[in-house]
Amino acid sequence: MTTLNVNGVSYTVNVPGTTPLLWVLRDIIGLTGTKYGCGIEECSACTVMKDGSPEKSCVLTVADASGSKIVTIEGLSPTGTHIVQRAWIAAQVPQCGYCQSGMILKAVQLLKGNPNPTDAQIDAAMSNICACGTYQRVRAAIHLAASGAV
Ligand code: FES
Ligand code: FES
């Protein structure tokens, strides 16, 4: 048995400790906002926050996640109105949407450490892969969130 704290809620799950957190989030807890892309730490679609830092849940085991505070896209704001989410909507960032949970969580982390990043700093921090090529709108949304004008 492993106990996880996800979005402020405690869950006890009966899986091997080596199980990737992503499977537990999606298939057991039912939080499907976190996506499976590559499974090999390359795309960041599976990004969650672990004690405030982005982690790739396709390789983070439940044993390593246990004892930490995990936040998924569903836990960022109870109403979906975190300033980065509002900026994402205003800039109409998503196309298919598949990569966007990870993008948003990574952007939240970026802005926490650097409240007004340059384009170059955004490009360096946002290593997430978007098959739809939304990178320009991601930049725009991060600038919008940084400006506070949403
Ligand atoms: S699914 Fe985890 S990095 Fe791609
Ligand atoms: S919006 Fe489609 S993969 Fe990024």
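How much area is buried between domain 1 and domain 2, and what percentage of it do carbon and sulfur atoms give? The area buried between the two domains is about 1200 Å², and carbon and sulfur atoms give 61% of it; buried area here is the accessible area (1.4 Å probe) that two parts lose on being put together, summed over both.

This is a predicted model, in which local features need pLDDT of at least 70, side-chain atom pairs count only at pLDDT 80 or more, and totals for chains, interfaces and linings use all residues. Residues are numbered from 1 along each chain as its sequence is written, chains are lettered from A and ligands numbered from 1 in the order in which they are written, and side-chain values use heavy atoms, with hydrogens and water left out.

Domain 1 gives 17 residues to the contact and domain 2 gives 12 residues, where contact means heavy atoms within 4.5 Å.

On the side of domain 1 that touches domain 2, the elements giving two or more residues are β3 (47-50) and β4 (53-56), and β3 provides the largest share, 3 residues. Strands are DSSP runs (E, at least two residues) and helices likewise (H or I, at least four), numbered from the N terminus.

**Two buried residues**

Both residues below are classed as buried, a term that means under 20% relative accessible area (1.4 Å probe, protein chains only).

| Residue | Relative accessible area |
|---|---|
| Valine 13 | 4% |
| Threonine 72 | 0% |

Valine 13 lies in strand β2 (residues 9-13). Not counting residues up to four places away in sequence, valine 13 touches Met1, Thr2, Leu4, Val24 and Ile28.

Threonine 72 belongs to the loop between β5 (69-71) and α3 (83-90). With the residues up to four places away in sequence left out, threonine 72 touches Val6, Asn7, Leu25, Leu31, Thr34, Val48 and Leu105.

Methods. Buried means under 20% relative accessible area, exposed over 50%, partly exposed in between (1.4 Å probe, protein chains only).
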